[in-house]
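Have a look at the model first, then go through the points in order.

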Amino acid sequence: MKSIFDFTAKQMSDAFEEIGERPFRAKQVYEWLYTKDVHDFDEMTNLSKDLRAKLKATFASHYLDIVEKQVSKDGTTKYLLRLEDGGLIETVLMIHPYGKSLCVTSQLGCNMGCKFCASGLLKKQRNLTSGEMVNQVMTVSHDLKERISHVVIMGTGEPFDNYDNVMNFIYTINEPKGLAIGARHISVSTCGLIPGINKFANEGLQVNLAISLHAPNDEIRSRLMPINNTYNMDDLRVAISNYIDKTNRRVTLEYILLKGINDEVTHARMLAHYLRGLNVYVNLIPYNTVIENGLEKASDRKIQAFKDELIRLHINCTLRKEHGGDIDGACGQLRAKREGRMTDNEN
């Protein structure tokens with residue numbers, strides 16, 4: 001049964017026409033779902049009993065089951081959620097001064113194989129539907145009884161490996177008469193799928209693009225990220241440059257600092273050389289350790305020296321505040337532990 005959360009406002013109107021209902025009924029349901037936080041068709045009191053019965057027989061509307069919830073001392077909350085088919089996914093709520101941000105998962109498992117990431121411990125089983133992504137937002141918002149203000153598609157999976165569903169998700173949560181999450185409050189993170197970057201450049205959206213770079217050269221990046229063997233850093237730089245030219249938008253580059261691998265001042269200089277002339281900024285990320293991967297967080301001293309060198313070389317950069325260090329904060333940790341792929345002493 002198709003989820004009611006799979007539809008944008010326009011798609012829902014079309015779907016209602018297909019079942020013999022007038023489009024304004026779709027608008028009423030859309031308002032119940034996204035403005036009033038009501039997902040039970042029986043509680044949609046301005047609909048007839050016959051229509052409610054028809055909707056229950058046609059569309060699924062329940063929120064996802066919360067299997068486990070971990071709350072960090074900094075307020076970061078990791079949710080382990082169960083899908084309709086029994087699959088487990090994670091989504092992470094982060095508290096910022098500017099609002100509540102949700103990190104959304106786009107695939108059940110991941111095939112990208114990044115060495116530092118717990119998500120890759122469990123291989124991709126399937127893509128999530130747009131409704132399953134929307135439902136992550138709805139489930140957490142309902143649990144909080146508060147509005148989610150920002151969404152980052154940076155959870156388990158590669159968003160551009162599930163391009164159409166991810167775009168449908170973005171259009172749904174951005175709908176002004178629905179959740180109305182502004183385009184500039186939505187970010188998509190890719191490990192560097194160049195065809196997806198090129199396609200995304202033509203969408204005409206103000207959504208933010210982040211690219212997981214994590215290395216200053218091909219040798220290190222190929223060791224950390226197998227995708228670099230398909231789309232190397234020179235080709236990726238061209239794609240980034242073309243994206244900036246088409247959209248006139250700045251790109252975020254994610255860079256996890258790993259002890260003894262990519263954390264030297266010389267690496268910062270190589271990175272600055274690679275980025276010179278691009279409208280980007282670098283988001284430096286302290287590593288959330290995953291024991292199984294054998295990688296460690298760079299020291300605070302090395303992190304600060306790396307940041308200082310980028311600033312000295314006129315590269316815009318920020319150091320991401322650590323979130324969820326006292327819980328299973330890294331992507332895929334909680335799910336992998338639940339399914340027996342991790343030890344109990346990650347952090």
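**Notes, starting with helix 4**

1. The buried residues of helix 4 are S130, G131, E132, M133, V134, N135, Q136, V137, M138, T139, V140 and S141. Buried here means under 20% relative accessible area, exposed means over 50%, and partly exposed is in between, with a 1.4 Å probe and protein chains only. That makes 12 of the 15 residues, so the helix is mostly covered.

2. Bear in mind that this is a predicted model, where local features need pLDDT of at least 70, side-chain atom pairs count only at pLDDT 80 or more, and totals for chains, interfaces and linings use all residues. Numbering runs from 1 along each chain as its sequence is written, and side-chain values use heavy atoms, leaving out hydrogens and water.

3. Does the length of helix 4 agree with or differ from what its 15 residues should span? At 1.5 Å a residue they should span 21 Å, and the end C-alpha atoms are 22 Å apart, which agrees. (The expected span is 1.5 Å times one less than the number of residues.) Just after this helix, K145 has a positive phi of about 60 degrees.

4. Now the sheet: it is open, has 10 strands in the order 3-4-5-6-9-10-11-12-13-14, and its pairing is mixed. Strands pair if DSSP finds at least two bridges between them; helices (H or I, at least four residues) and strands (E, at least two) are DSSP runs numbered from the N terminus. Strand 3 (65-71) and strand 14 (317-319) are the edges, each pairing on one side only.

5. Strand 12 (residues 251-257) runs parallel to strand 13 (residues 280-286), with seven bridges between them. I256 sits opposite I285 in strand 13.

6. Helix 4 (residues 130-144) packs on this sheet, touching strand 3, strand 4 (77-82), strand 5 (88-96), strand 6 (99-103) and strand 9 (150-153). Contact means heavy atoms within 4.5 Å. Its direction makes about 55 degrees with that of strand 5; axes are lines fitted to C-alpha atoms, for helices over the stretch in contact, and angles run from 0 to 180 degrees between N-to-C directions.

7. H214 has a positive phi of about 65 degrees although it is not a glycine, and H314 has a positive phi near 65 degrees. Which is buried and which is exposed? H214 is buried, with a relative accessible area of 3%, whereas H314 is exposed at 72%.
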